[in-house]
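Okay, everyone, let's get going.

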Amino acid sequence: MSIEKEMLEIAKNVFNVEEDKIVVESRFKGGMSNYTFKVLVNGEPFTIRKIGEGGEPIINLQTEKQHLDLIAPLGISSEIVYFDTKSGIKVSKYIEGTPLSQEFSEDDYKGVADTLHKLHHSNIKGADYDLKNRLRRYEKLLKETPSHDYHMLKMFWLKMYDEEFSSINKVFCHGDAQRSNFVKGTDKLYLLDWEFTGMNDPFYDIASFGNINFDDAEKLLSIYLDRPAQEEELRRLRFYRMYQVLQWHIVATYKHEIGLSEKLHLDFQMIADKYLKFAATLFEKIKG
């Protein structure tokens with residue numbers, strides 16, 4: 001069965017409507033773990049997500065559902081209409097707008113900073129993102145032992161975390177606040193895709209915003225702080241971006257090992273190598 005046909009079947013079952021009332025309109029680009037489509041049901045647009053192959057061990061669906069319930073009153077994300085914690089099928093109301101990965105201007109930094117402030121100061125208490133154990137859990141998915149270079153970079157990061165950052169006060173974070181997950185709607189800026197939420201250092205979200213270009217994260221930090229970022233704060237930002245690229249290095253390696261490079265025509269090994277190389281670059285900047 002094609003993925004489009006699966007989306008059709010999901011919509012039929014969730015909304016209890018006939019097939020002729022459904023239009024599987026388009027698939028969203030990006031994402032290493034999901035299939036996400038815009039689907040019209042009786043002319044009304046919805047977003048349907050299905051966890052992709054190999055995505056199940058990466059995402060904790062029970063935690064995701066709990067966190068989506070917690071952030072709903074903030075009004076910064078789409079409204080969830082269906083969530084199955086066994087299959088990972090999620091249906092939400094479609095947000096009409098443009099992702100910041102497609103259209104971005106200097107004025108958008110302020111909107112991103114304001115949205116993150118609203119989240120970080122919400123006093124929501126969720127599950128810990130658990131940086132150290134999460135990395136170990138992802139490593140256990142691999143068939144082959146991670147490389148010596150990865151191990152060296154990880155040990156540097158762990159030592160630095162224990163010595164400098166483990167006691168920093170944690171707040172509720174999105175966990176993947178990259179440009180593509182911010183959508184400029186007709187009324188406000190929305191933050192979507194909450195699979196990697198948890199209690200964390202707020203600088204983690206700002207570091208995520210530098211997914212396309214890390215300069216974006218450094219610029220966002222000063223706007224978030226409402227003053228020029230100090231060198232030690234930029235170092236802290238690079239520290240969390242180093243963790244993120246180590247994390248995605250392991251996830252991309254895992255995707256390659258289970259055959260998704262060939263199946264999806266996407267070179268996950270190349271992606272993994274790119275992440276590891278950037279981790280090494282950040283390591284050099286951090287250690288000075």
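Let's start with a pair of strands: β8 (residues 182–185) and β9 pair in the antiparallel sense over three bridges. Strands here are DSSP runs of E with at least two residues, helices are runs of H or I with at least four residues, and both are numbered from the N terminus. Two strands pair if DSSP finds at least two bridges between them. Within that pair, Val-183 stands opposite Tyr-190 in β9.

Quick housekeeping before I go on. This is a predicted model, where local features need pLDDT of at least 70 and side-chain atom pairs count only at pLDDT 80 or more, while totals for chains, interfaces and linings use all residues. Residues are numbered from 1 along each chain as its sequence is written, and side-chain values use heavy atoms, with hydrogens and water left out.

Back to the strands. They belong to an open sheet of three, in the order β6-β8-β9, with antiparallel pairing. β6 (97–99) and β9 (189–191) stand at the edges with a single partner strand each, so one side of each has no neighbour in the sheet. On average, neighbouring strands here are turned by 30° against each other, direction ignored. Angles come from axes, which are lines fitted to C-alpha atoms, for helices over the stretch in contact; they run from 0 to 180 degrees between N-to-C directions. Helix α3 (residues 108–120) lies across β8 and β9, at about 50° to β9. Contact, by the way, means heavy atoms within 4.5 Å.

Now the other sheet I want to show you. This open sheet has five strands in the order β1-β2-β3-β5-β4, again with antiparallel pairing. Its edge strands are β1 (22–27) and β4 (80–83), each pairing on one side only. The twist averages 25° from one strand to the next.

What packs on this sheet? Helix α1 (residues 3–15) does, touching β1, β2 (34–41), β3 (44–51), β4 and β5, and its direction makes about 55° with that of β2. Helix α2 (residues 61–71) lies across β3, β4 and β5, running at about 160° to β4.

Let's zoom in on the pairings. β2 and β3 are antiparallel partners over eight bridges, and Val-41 has Glu-44 in β3 as its bridge partner. Their hairpin has two residues between the strands, and Asn-42 takes a positive phi near 55° there. Four bridges join β3 to β5, again antiparallel. And which residue in β5 is the bridge partner of Ile-48? That's Val-91. In β5, Val-91 is also the bridge partner of Tyr-82, and β4 and β5 (residues 90–93) pair antiparallel over three bridges.

On to a helix pair. Helix α8 (residues 231–257) and helix α10 (residues 268–287) pack at an angle of about 160°, with their axes 8 Å apart. That makes α8 roughly antiparallel to α10; the cut-off for that word is over 145 degrees. The residues of their contact divide into 16 nonpolar, four polar and six charged. Nonpolar covers Ala, Val, Leu, Ile, Met, Phe, Trp, Tyr, Cys and Pro, charged covers Asp, Glu, Lys and Arg, and the others, Gly among them, are polar.

Last, the overall picture: the protein has 10 helices and 10 strands. Its C-alpha atoms fill a box of roughly 60 × 45 × 30 Å, taken along the principal axes.

Methods. Angles under 35 degrees count as roughly parallel, over 145 as roughly antiparallel, 65 to 115 as roughly perpendicular and the rest as oblique.
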